[in-house]
Every structure is written in C-alpha cells, then in structure tokens.
Amino acid sequence: MPKHAPLTVADLNGDTPCCPPLAQGRVPAETAAVLAPAFKALGDPVRLRLMSMIASAEGGEACVCDLTPAFDLTGPTISHHLRTLREAGLVDAERRGTWVYYRARPGILRQLAALLTVEPATGS
C-alpha cells in the first residue's frame with residue numbers, strides 16, 4: 001500500500017497485509033487509528049468469546065439465539081457486545097425473520113493476525 005494513501009476499514013478486507021508486522025516496523029498513525037477499534041473491541045472478555053464462537057461456528061455463522069445462552073448476561077447486554085463487534089468491522093450481521101445471524105469478516109482477522117505475527121529469528 002502506498003505511504004500516502006491512508007488505510008481505511010474497507011482496505012482491511014483484502015488479502016494484502018496493511019503493514020509489516022509490529023516486530024518489523026512501526027505502525028503508521030493512520031493505520032493504528034483504523035486498527036485500534038478492532039483491537040479495542042476484542043479487549044473485552046465477553047466480546048472475545050463471542051468472536052471466537054462466531055468465527056468457529058459450523059457453517060461460518062452463528063445465530064444470536066445460539067450465542068446468548070452461553071453467557072449469564074441479559075439479551076440486551078449481548079446485543080450491545082455484538083453491535084460493538086459489528087461497528088468495529090469484525091462481524092457482519094443479517095436478520096432472518098426474528099433472529100440475527102453473525103459471520104466473522106476474515107479479511108480484518110487476517111490483517112490483525114498479520115500485524116501481530118512474530119517471525120522466528122534466523123538460526124533459531
């Protein structure tokens with residue numbers, strides 16, 4: 001990605017890494033501003049568990065009706081956490097009848113993983 005083009009959330013859906021891993025170079029301020037909301041959203045234990053449940057769900061999606069019973073929280077609280085994941089660009093949501101189904105967005109997950117990749121030192 002050219003240095004003069006600021007990173008956008010849409011750029012996070014691609015397969016091309018947004019930037020080198022943290023251990024290889026500094027993250028540009030613009031890139032950090034785009035990635036930070038996703039990391040912040042995953043910084044909550046409930047949201048991290050929800051993300052794990054959605055990403056690992058059979059068929060690639062999970063119904064809110066299957067997510068809510070896994071927690072000792074109210075439906076509105078779970079909805080708040082799911083909305084935070086959606087607003088951070090980590091999941092997509094689709095209403096079908098009375099239920100909402102969530103699907104992980106693999107592009108942004110690849111970008112976050114690539115940023116955190118630590119290559120082993122040569123000779124190790």
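These legends describe several close-up views of a predicted model. Local features need pLDDT of at least 70, side-chain atom pairs count only at pLDDT 80 or more, and totals for chains, interfaces and linings use all residues. Residues are numbered from 1 along each chain as its sequence is written, and side-chain values use heavy atoms, with hydrogens and water left out.

**View 1. The protein chain and its elements.** The protein chain has 5 helices and 3 strands, where helices (H or I, at least four residues) and strands (E, at least two) are DSSP runs numbered from the N terminus. Along the sequence their pattern is α-α-β-α-α-β-β-α. Of the 124 residues, 33% are buried (under 20% relative accessible area; exposed is over 50% and partly exposed in between, with a 1.4 Å probe and protein chains only).

**View 2. Helix α2 against helix α4.** Helix α2 (residues 45-55) packs on helix α4 (residues 75-87) at an angle of about 75°, with the axes 10 Å apart. The axes are lines fitted to C-alpha atoms over the stretch in contact, and angles run from 0 to 180 degrees between N-to-C directions. This makes α2 roughly perpendicular to α4 (65 to 115 degrees). Val46, Arg47, Leu50, Met51 and Ile54 in α2 meet Ile78, His80, His81, Leu82, Thr84 and Leu85 in α4; contact means heavy atoms within 4.5 Å.

View 3. Val46, Arg47, Leu50, Met51 and Ile54 of α2 are buried. They lie on the same side of α2, because they cover an arc of only 135° around the axis, taken from the directions from the helix axis to the C-beta atoms.

**View 4. Gly60 and Arg103.** Gly60 sits in the loop between α2 and β1 (61-63), and Arg103 is in strand β3 (residues 99-104). Gly60 is partly exposed at 25% relative accessible area, and Arg103 is partly exposed at 37%. The two are 43 residues apart in sequence, yet 6.1 Å apart in space from C-alpha to C-alpha. The backbone oxygen of Gly60 is 3.5 Å from a polar atom of the Arg103 side chain.

**View 5. Other neighbours of Arg103.** Leaving aside neighbours within four places in sequence, Arg103 is in contact with residues including Ile54, Glu61, Leu90 and Asp92. Asp92 is 11 residues from Arg103 in sequence and 5.3 Å away in space, C-alpha to C-alpha.

Conventions
Parallel < 35°, antiparallel > 145°, perpendicular 65-115°, else oblique. Polar contact = N/O pair within 3.5 Å; in protein donor to acceptor, adjacent residues only side chain to side chain.
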